[in-house]
Every structure is written in C-alpha cells, then in structure tokens.
Amino acid sequence: MTISVQEDRDGQALESLSDNIDAVNILKGQIKKEKAMHEASEFDANKDKTQFRQYEDACDRVKNFYREQHEKQTVAYNLKARNDFKFKTRAEMTIWEAMEKLNTLIDESDPDTSLSQIEHLLQSAEAIRRDGKPRWMQLTGLIHDLGKLLFFYGAEGQWDVVGDTFPVGCAFDKGIIYPDTFKNNPDHGHEVYGTKNGIYTPGCGMDNIMLSWGHDEYLYHIVKDQSTLPAEALAMIRYHSFYPWHSADAYTEFMDEHDHKMLEAVKAFNPYDLYSKSDDVPNAEVLKPYYLELIDEFFPNKVIKW
Ligand code: FE
Ligand code: FE
C-alpha cells in the first residue's frame, strides 16, 4: 500500500520551526563551554558562531512547539508510530528523488529564511567532504534529514517530526530542553514510566531505548534495512537530534560498550549539521553526479521503500 502526500501540510512552517530549533541549539552550544571532541571539525574553526540571527522569537516559538511535543510523546504513541511504520510503505523513490521531493514539499521561497532542504543536506555533506572525512560520512550528511518526509507521509503534526529527541518509558531528564513542559505528559509521574530507569535497565544499550518518534528514528530504520552504511552512520542519523545525550550528558547510565564509540561519532557529526548553514550555497546540479555515485556505493537498491 502506498499512501499519498497529505495536501494540507505547511512545509514552510515546518522549515521555519526547524530553523528556530537549530538556532536555539546553536545558542545552547554557545552558552555551554565546548568540550574537546574526539575528532575536531576544522571547517568551522574560524567561523564567528555569534553571527546567527536573533533568537528571542525563535525561543518563544520553539517553547510553544516543545510544550506540545512534550505532552504528546508518550510510550503509547511511540508504540503506535513504530507499528504504523512497520506495516506501511509510504513511497518508493531513489535517495535523490527523496531529496527533491523534500525540497518541493518544504517550499524554499520563504524570503528571509534560509536554505532549501537540498541545500542544507549538500552543505552538510560538502563540509564533511572538505574536511576529508570518509565517504560514508559524507553520504550521512547528505541524507540525515530525509526523515522529514514523514511530515507529509503520515505524521500527526510537527511535534512527531522535528525537535530534540529523548527517551520515553523512563523519567524525563532535566537535561532535555524546557524540562518543565513535561508536566502534562500522561507518562510524567507514571508508576513505571515516571521512575528513573522506567522500563529499562542500566547498561541496556541505547539501541534498546525507545526514543521519541521523529525524522531521526524514521530514517534510521529505513537506512538500517536498505543500505550498507556502517554503525557510526546509523548512530549519526538516529541520534543527531538527541541533544540531551550528545550535548547534555544525560542518560549515560543506559549506554553499553558500543555506545561510547557511537557517541563520539554523533558528536563528530553535530557541527556539520548545525554550523554548515552559513557556508556558500551549493549548486545541486553541479554536485549531483558525485553524490549519485556515492549513493550507489551504499544503497544496493536504487529505489528505496520509504
Ligand atoms: Fe535533523
Ligand atoms: Fe540537519
């Protein structure tokens, strides 16, 4: 069964909210003293990270968004979303077609914001490529936000597509953005889900944690099943919005041995997502042949089930 695109989805609103979420994460990153990274990125070392636009509006809009998200991301919703995902094919198209689709759905004609989706993906990939990072990581940059297609293929709103992610099924950590907005979540104060470890045991591994449903988790499952990308790439995709973990050191008690390596990978990826947006706008047509070849290297079937 293939489900058609929902007509009434406002792509620009999603894009603008998504930009505001990034802006707030950039701001948080500036406030927090940066820790040394496993593999420091070079491309943004000389970039003035304070140049990004004013954040007060962003913070207001973002807070309203998180209030809704933090009320609605429950264990029950998570189970339902994962189940829906498993039994539906939303579309069939190549990676490049998906990039173009996302671009048309999220209209880039908004005058003062921002880049189109394709430009953001190409900028991330190009920054990774310029720094001489592996080909699989370049491809990860190219595809990392394609899960936003979910907004047009069955999501309930913006709250289950974008925004920082966090575990459900255990207590909401103070390291999550706007932690006070969880008080109306039915799982808050729940006899199991409201406890420190909830349904999990320490050391169980992040792959066994149910992260809030959104573009990261959706794309992770698609890429895991249909590509030969390495575990680090899958972690970068799955956890790129998991700021409580990769930037606030929350939920580390659930990590297993493998997750320490994955965390380093996720941290190494983050600057290419957040700080490549001020780079020169890439020319998609010029870059297309290079990336088509790269896509073919890691996706054995050209047509992907979304
Ligand atoms: Fe993202
Ligand atoms: Fe991104």
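Where is the place of D249? D249 sits in the loop between α9 (243-246) and α10 (257-274), helices being DSSP runs of H or I with at least four residues, numbered from the N terminus. The model is predicted: local features need pLDDT of at least 70, side-chain atom pairs count only at pLDDT 80 or more, and totals for chains, interfaces and linings use all residues. Residues are numbered from 1 along each chain as its sequence is written, and chains are lettered from A and ligands numbered from 1 in the order in which they are written.

Most residues other than glycine have a negative phi. D249, not a glycine, has a positive phi near 55°. D249 is exposed because 12 C-beta neighbours lie inside 10 Å; the cut-off for exposed is 12 or fewer other C-beta atoms within 10 Å, for buried 20 or more, with C-beta atoms placed from the backbone. Y251 also lies in the loop between α9 and α10. Its phi is positive too, about 65°, but Y251 is buried, with 21 other C-beta atoms within 10 Å.

Two packed helices are described by the angle and the distance between their axes. Helix α4 (residues 95-105) and helix α5 (residues 117-130) have axes that come within 7 Å and cross at roughly 135°, the axes being lines fitted to C-alpha atoms over the stretch in contact, with angles from 0 to 180 degrees between N-to-C directions. M99, E100, L102 and N103 of α4 meet Q117, I118 and L121 of α5, contact requiring C-beta atoms, placed from the backbone, within 7 Å.

Technical notes: Helices (H or I, at least four residues) and strands (E, at least two) are DSSP runs, numbered from the N terminus. Two residues are in contact if their C-beta atoms, placed from the backbone, lie within 7 Å.
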